[in-house]
Structures are given as C-alpha cells and as structure tokens.
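Here's a quick walk through the model below. Have the structure open as you read, and follow along residue by residue.

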Amino acid sequence: MTRALSLLSLLGLAAGLNIMNPLASLNTVKPNGKFGKKKLVVITGTSSGLGRKTAGALLQTGKYHVVGAVRDLDKMEVIAELDGFDPADFTAMECELNSYQSVRDFHEALCKFKEDKPVDRLICNAAVYQPSLPYAKWSVDGHEQQMQINYLSHFLMTSLLIDDMTKAPDPRVIMVGSVTGNDNTVGGGGVYPIADLKDLAGLKEGARNPISMFDGYNFIGAKAYKDSKLCLMMTSNLLHDKYHKQTGIAFSSIYPGCIAESPLFREKRAWFRKYFPIFMKFITGGFVGEEEAGMRLMQVAHDPRCSKSGVYWSWNGGPREGRGEEALEKDGQILGGGGAGGGWDSIYENDQSDKVLNKDLAADLFKFSTQATGAVWPRANQLKPADPAEQFLASVTEFMNRKEELKRTAPGPGVVAVVAEPHRTGELDERIDEVLGEEGMKVARSTEDSAA
Ligand SMILES: NC(=O)c1ccc[n+]([C@@H]2O[C@H](COP(=O)([O-])OP(=O)(O)OC[C@H]3O[C@@H](n4cnc5c(N)ncnc54)[C@H](OP(=O)(O)O)[C@@H]3O)[C@@H](O)[C@H]2O)c1
C-alpha cells in the first residue's frame, strides 16, 4: 500500500502537481469550502525542528489546515507519517527557497490548491545556518545562500501573498527572527560577528556573486545568518508601518529561544553539537526544547493576543531563571515554568535593538530587496474615510490634485525632472466630467475655491 502511494506521489510530481501525499492531492478536487471553518496556514520548513513541531501543534487544535512549504517532499512524507499529520489537514508542497522561480511555482501551486480561500497565516520559518563555511555558497539566483533562503525568498513570498491575505479575517505574517539578529542582548551583541548591515552597499549593488554580504564586505558565514535574521525583523517592522492599517495583516517576528538540539546546527562540528545543548541547558539556561519552541510559534499564530501587529514576541524567564535542581531533574527543560521562558502566559513584547528599529535603513532594505527579488508590492494606501460623502469628496479632490500636478510637471523653463506621464490635461478634464457629472464638477469647483 505504502509503495503504491509513493508511486502515486512520484506520478503526481512528474505531472508537476508537487503535492506530497496522493490522499492529500485528492483533497484538491473537493469543491470550494474544502477547508470548512479551518484557517489556512502556510509554514516554510515543516520537515524539521521548529516548523515541524509548530505544524503538529496547530494540527492538534483541529482548527487549521497547514500547508508545509518544503524543499524535500520525500523527507516530509516520512515526517508527516511519523508525526501522524492527518492528510486531510496537512498538505506538503515543494518550495526550494534557494530559487525565486521555485517560490513563484509554489505560489502558483498554492493558489490552485486553495482556490478562493485566503491564506490566514504565513509563517516564514525555514532557514539554514552555515557558520563554518570558509567561502560563500551561491543560490540559484546568485545570492549568498543564507541570505536568499532565510530572508530574500521569504520577502518574495510575502509580497506574493499579501493581497490574498488581506481577504482573511485576522491575517498574520510571522517572521522567525533570532536573538542573534537583535544586538541589544548578550546573545546578539556579545558574540562576534555581530549582525550589521552598515549602509547596505552590497545589497545596493544587487548582492550577487561575487558580492556575498549585504554590507558589501568580506564573507563570514555566521554573520550572514545573523544579518538574515536582522533583515527579517526589520522587514516585519517596515511591513507593519507600511501595510498593517491598510491590509489588516498583523506583522510580527519572534525569538523562540535557543533550540540547541535542533538540526539547525548540523553544520557545526560534532563536539559543538554534543556540548552546546548541555551548555545552554545548565549554564546559560537559554535552552528550549523543540516541542516547547513549536508551542511558542504556534501561539503567535493562534493566540488572539498575537493579532497585535509590529511586535517582536518572546517568552519570559531570562537565563537561569527558575533553574537549579529542578532543571537537573527534568533534563534541563522546565516546560512552562522558567528556564528559557515559561509557557503560554509568559509571552511578552520584547525590546528591539536600534539596528532593528532603524527605519531609514529598513526603507533602503525594502527598496533594494524589492529590486533583487523582483517583488511587486501593493501601493501603500492609508485608510480612506468610510463616510460616502467624504469618500466622494476625497475622489473629487484626488482628481483635481492630479490634474494640477500634471500641469505643474509639464515641460517648461526650469523643469529638469524627467516627465513621467504624458500631459493630457484636456483628456483628463473630459474624464473628470465623465466620472463626476455636472453635480460632481460643482462640488469640485467649490472644493478648489475653498482650498484657495
Ligand atoms: N535552533 C535554534 O536555536 C534557533 C534559535 C532561534 C531561531 N531559530 C530559527 O528557527 C527556524 C527553524 O530552525 P530550526 O532550529 O527548526 O532548524 P532546522 O531543524 O534545521 O529546520 C530548518 C527548516 O528549514 C528548511 N530549509 C532549509 N533550507 C531550505 C531551502 N533551501 N528551501 C526550503 N526549506 C529549507 C529545512 O528543510 P530540511 O528538513 O529539508 O532540511 C528545515 O525544514 C529558523 O528560522 C531559525 O533561524 C532557531
């Protein structure tokens, strides 16, 4: 039976379906409403560590359909079976974050799968950590790999989903950040190399081979990872400022704690992998198990309190707090009561470093990342008045202002700026007449008079 299912999986893949489980693929042909009242969550990297546990925790509530965006569908199939993910509520789709094309293909497959159901949660979780590399590895698109996998591809994915998510009630985009990207802590600011984008000279030039670092200086693998986390956190803040009011989406980032036993550290040396968890459990107290970290990320997707936007979520209980003998008895892990943080109610809004909060640099980061990824964002557009009369007046004044601006930017003495639009004020007048009618024009003229 399993072999037959695998064969079907392969056939599905060959047909370009990119859907892991043939049982799950049957779900795609269910009529609209196939999700019932369940919320639709997209999580990148559900085949391991934090993403895997978060998917499990969400599925356990019975309130979510989780789409796992993964690079290895076969691995995901095994994990899903081991963890008992119900194929009716979990769908894996291929997404290789090392390639923009793969992100775009994933988005297309997702849209086909979900039909008109909007995505309720996007969790940008997948990452690689390559601190031991002596030289940069390059992505399909020519970027340093960690920067693309961890940051740039998530940036692109968010841009692809933002319009769709606007249609969901209580939509949330969650970026998995890290203490290492936030240099106002010992974990982030005390251990060289420190996350620092400087003035983004590397990204400004496109950050493509041979430019490995966003700051334009020499490659250090550990710094690239930290920089990628800093970028995610800055982007979360910027998206909050730019789009939260307009879209209703809550943009937040989180630090789940140090998941010292997760496969993230697979590229570190064997001695490090052995002793790091012990050090974090018993010396610093910063350790968190995968299960508890999964609960934390799940909380930010699930807890009504976390519909607040612009927040960097963390869990209370500093290093060594609540430790001692009890920790030793419990193998260093105290669920919900201290250690590297307590449970559900110890969540708090953590401080962010000056670098994370640097709005000028965030604006540059957004601009250059948009250029690098080819992302297309909705026009930032603050809320319009709800009152119909005010809306009418607003559209009249918008037309009038546009008309005046066209005149002002027409070629003439002293005009050095490049003329962006053809100047057809006559045509515009006609269009205004057409849209507003006689009554509207009267209002427009009186608006002009009162403005004068
Ligand atoms: N571990 C920690 O102490 C810690 C602390 C703070 C923050 N974090 C953050 O937590 C998140 C999860 O980390 P983790 O500890 O759970 O590590 P992990 O177990 O290594 O999980 C990373 C996930 O990302 C996926 N991934 C890697 N490269 C990919 C690519 N090119 N395309 C698509 N998916 C890719 C991996 O897929 P495969 O299964 O195929 O490898 C895996 O599912 C990361 O954002 C990390 O920065 C971790």
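## Glu-115 and its loop

Look for Glu-115 in the loop between α5 (100–114) and β4 (121–124). Keep in mind that this is a predicted model. Glu-115 isn't a glycine, yet its phi is positive, near 50 degrees. Most residues other than glycine have a negative phi, so that value is worth a look.

Glu-115 has 13 of them, so it counts as partly exposed.

Which residues of α5 are buried? They are Tyr-100, Val-103, Phe-106, His-107, Ala-109, Leu-110 and Phe-113.

## The nonpolar core

Nonpolar side chains tend to be buried together in soluble globular proteins. Here, the largest nonpolar core holds 94 residues. The members touching the most other members are Val-41, Val-42, Leu-58, Val-66, Ile-123 and Leu-297. Helix α6 (residues 145–165) supplies the largest share of this core, with 10 residues.

Setting aside neighbours within four places in sequence, Leu-297 is in contact with Leu-50, Thr-54, Ile-123, Val-176, Ile-254 and Pro-256. Ile-123 is also on that list of core members with the most partners.

## Around α7 and α8

The loop between α7 (186–189) and α8 (201–204) is where you'll find Pro-193. A cis peptide bond links Tyr-192 to Pro-193, with omega at about 0 degrees. Most peptide bonds are trans.

Lys-198 sits in the loop between α7 and α8 too. Though Lys-198 is not a glycine, its phi is positive, about 45 degrees. Is Lys-198 buried, exposed or partly exposed? With 13 C-beta neighbours inside 10 Å, Lys-198 counts as partly exposed.

Move along to the loop between α8 and α9 (221–247), and you'll come to Pro-210. The peptide bond from Asn-209 to Pro-210 is cis, and its omega is near 10 degrees.

Methods. Residues are numbered from 1 along each chain as its sequence is written. This is a predicted model: local features need pLDDT of at least 70, side-chain atom pairs count only at pLDDT 80 or more; totals for chains, interfaces and linings use all residues. A nonpolar core is a set of buried Ala, Val, Leu, Ile, Met, Phe, Trp, Tyr and Cys residues joined through C-beta atoms within 7 Å. A residue is buried if 20 or more other C-beta atoms lie within 10 Å of its own, exposed if 12 or fewer, and partly exposed in between; C-beta atoms are placed from the backbone. Helices (H or I, at least four residues) and strands (E, at least two) are DSSP runs, numbered from the N terminus. Two residues are in contact if their C-beta atoms, placed from the backbone, lie within 7 Å.
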